[in-house]
Amino acid sequence: MVSILVLNGPNLNMLGTRQPEVYGHTTLPQIEQMCRQLSEELGISLAFEQSNHEGVMVDMIHASKGVHDAIIINAGAYTHTSIAIMDALASVELPTLELHLSNVHAREEFRHFSYISRVAIGLICGLGPAGYLLSLRAMVDHLGVKA
Ligand code: DQA
């Protein structure tokens with residue numbers, strides 16, 4: 001069975017109460033639940049993780065080699081700063097999709113640059129929690145999974 005890791009970075013554990021005008025009211029556990037339901041429908045295995053620590057995220061990416069078939073990553077602010085996470089993604093050579101709840105390109109200048117984009121097959125941003133579901137569908141399509 002195809003397995004996808006959805007990896008969430010710093011501050012995403014605060015969804016629901018964190019700047020709801022930007023990120024909405026849906027919590028990360030609620031997003032995880034939505035992803036689990038869709039994964040069942042798509043017939044794929046899902047790992048859903050969150051860390052506030054760059055090194056822990058690097059470790060999780062390394063550990064995904066040989067375990068997962070693809071990575072969907074919302075790296076939070078590390079998107080714009082972390083060469084280490086970009087290098088980790090490049091080193092495991094798994095198809096990676098970059099995800100953001102908000103439209104980073106409509107926000108501050110410093111959010112327009114992404115290290116993750118350099119190693120991602122594509123990017124979904126600005127669609128809120130629905131972006132997680134669209135990312136799963138897009139990755140399943142990319143992997144050519146047969147239901
Ligand atoms: C984010 C966008 C980032 O710029 C920000 O630092 C986040 C969340 C998003 O999902 O919109 O923490 O990745």
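## Helix pair

How are α3 and α4 oriented to each other? This is a predicted model, in which local features need pLDDT of at least 70 and side-chain atom pairs count only at pLDDT 80 or more, while totals for chains, interfaces and linings use all residues. Residues are numbered from 1 along each chain as its sequence is written, and side-chain values use heavy atoms, with hydrogens and water left out.

Helix α3 spans residues 54-63 and helix α4 residues 83-92 (helices are DSSP runs of H or I, at least four residues; strands are E runs, at least two; both are numbered from the N terminus). Their axes are 9 Å apart, at an angle of about 5° (axes are fitted to C-alpha atoms over the stretch in contact, and angles run from 0 to 180 degrees between N-to-C directions). The two helices α3 and α4 are therefore roughly parallel (angles under 35 degrees).

From α3, Glu54, Met57, Val58, Ile61 and His62 meet Ala84, Ile85, Ala88, Leu89, Ser91 and Val92 of α4 (contact: heavy atoms within 4.5 Å). The contact comprises eight nonpolar, two polar and one charged residue (nonpolar: Ala, Val, Leu, Ile, Met, Phe, Trp, Tyr, Cys and Pro; charged: Asp, Glu, Lys and Arg; polar: the others, Gly among them).

## Cavity

There is one cavity of 30 Å³ or more (on a 1 Å grid over the protein atoms alone, a set of points where a 1.4 Å probe fits but cannot get out; lining residues have an atom within 4 Å of a point). The largest cavity has a volume of about 130 Å³ (the space filled by probe spheres set on the points). Of its 15 lining residues, Arg18, Tyr23, Asn74, Gly76 and Ala77 are the closest to the centre. The lining of the largest cavity divides into six nonpolar, six polar and three charged residues.

Terms used
Angles under 35 degrees count as roughly parallel, over 145 as roughly antiparallel, 65 to 115 as roughly perpendicular and the rest as oblique. On a 1 Å grid over the protein atoms alone, a cavity is a set of points where a 1.4 Å probe fits but cannot get out, and a pocket is an open set with protein on both sides within 12 Å along at least five of seven lines; lining residues have an atom within 4 Å of a point.
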